Amino acid sequence: MSDGFAEMITRANGFFTDLKANNTKAFYEAHKAMYNSEIKKPAELLADLFAEDLTKHTGKAHKPKLFRIHRDVRFSKDKTPYNTHLHLMWSRPEQATTPTWFFGSSPDYLILGMGVMGLEKDGLAAYRTMVDRRGDDLTDALEASGASLSDWGPDPLKRVPKPFDQDHPHADLLKRKAFAVNVDLAAGWDKTGLLKTLNATVPALLPIWTILDETFPG
């Protein structure tokens, strides 16, 4: 049965559709109270509840985060002030790189995803070593999950980085500077309940999470 979060998604989709058409401070300020009470507040509750569930699924604590509606436009050519989607994230409390879960909702998609983002230096080296040694395991887990590789994060390299061969069997993965996957939530989620659907989606992604967690234990 519905857990009430379907209504939040319906309201969010309507709000973000209108915001996309009128992405201005005046529009946002006129609807800020509604956003805070009917979208932001229940989204924070969803984030807290799913953090507890992820801890049970993985055996490791996760902390929730609701991304701000305000865009960071400092280094962007696009100066529209507000995001037109609802994004949540669950990460391990450690500061080191660890696999992170994320939920995305907009009028165009409703997804659960997971991965490691912003890989640099030691983290990037650890990821590439894992792909070289366990690329078959990773691709098998990805295929079995029914998830898709996400294009979130920086653009991949044009060539396979040294010291790996250009014809490496997992060349496409080695070129990546972030690794994330996402899956569309199953049809009927609004009848089943959003939280229940998220929990039912996690097991398919857990084998991928396990490989990443073993690579980045925190």
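Where is the place of proline 163? Proline 163 sits in the loop between strand 5 (148–149) and helix 4 (171–174), with helices (H or I, at least four residues) and strands (E, at least two) taken as DSSP runs numbered from the N terminus. This is a predicted model, in which local features need pLDDT of at least 70 and side-chain atom pairs count only at pLDDT 80 or more, while totals for chains, interfaces and linings use all residues. Residues are numbered from 1 along each chain as its sequence is written, and side-chain values use heavy atoms, with hydrogens and water left out.

**Overall build**
- The protein has 6 helices and 6 strands, and its elements follow the order α-α-β-β-β-β-α-β-α-β-α-α from the N terminus.
- The C-alpha trace spans about 55 × 40 × 30 Å along its principal axes.
- A compact globule of 218 residues would have a radius of gyration near 17 Å, and the 19 Å of the protein agrees with that; the radius is taken over C-alpha atoms, and the globule rule is 2.2 Å times the number of residues to the power 0.38.

**Backbone details**
- Lysine 162 and proline 163 are joined by a cis peptide bond, with omega about 10°.
- Lysine 121, a residue other than glycine, has a positive phi near 45°, and it belongs to helix 3 (residues 121–145).

**Helix 1 against helix 2**
- The axes of helix 1 (residues 5–21) and helix 2 (residues 25–58) come within 10 Å and cross at roughly 145°; axes are lines fitted to C-alpha atoms, for helices over the stretch in contact, and angles run from 0 to 180 degrees between N-to-C directions.
- Residues in the contact (heavy atoms within 4.5 Å) include Phe5, Met8 and Phe15 of helix 1 and Phe27, Tyr28 and Leu49 of helix 2.
- By class, this contact of helix 1 with helix 2 has 16 nonpolar, 1 polar and 3 charged residues; Ala, Val, Leu, Ile, Met, Phe, Trp, Tyr, Cys and Pro count as nonpolar, Asp, Glu, Lys and Arg as charged, and the others, Gly among them, as polar.

**Cavity and pocket**
- On a 1 Å grid over the protein atoms alone, a cavity is a set of points where a 1.4 Å probe fits but cannot get out, and a pocket is an open set with protein on both sides within 12 Å along at least five of seven lines; lining residues have an atom within 4 Å of a point.
- There is 1 cavity of 30 Å³ or more, and the largest cavity holds about 50 Å³, a volume being the space filled by probe spheres set on the points, which are joined across faces, edges and corners.
- Its lining includes Phe16, Tyr35, Arg68 and His85, and divides into 5 nonpolar, 3 polar and 1 charged.
- The second largest pocket holds about 200 Å³, and among its lining residues are Phe67, His87, Phe103 and Trp152.
- Strand 2 (86–91) and strand 3 (100–106) each supply at least two residues of that pocket's lining, which has 7 nonpolar, 2 polar and no charged residues.
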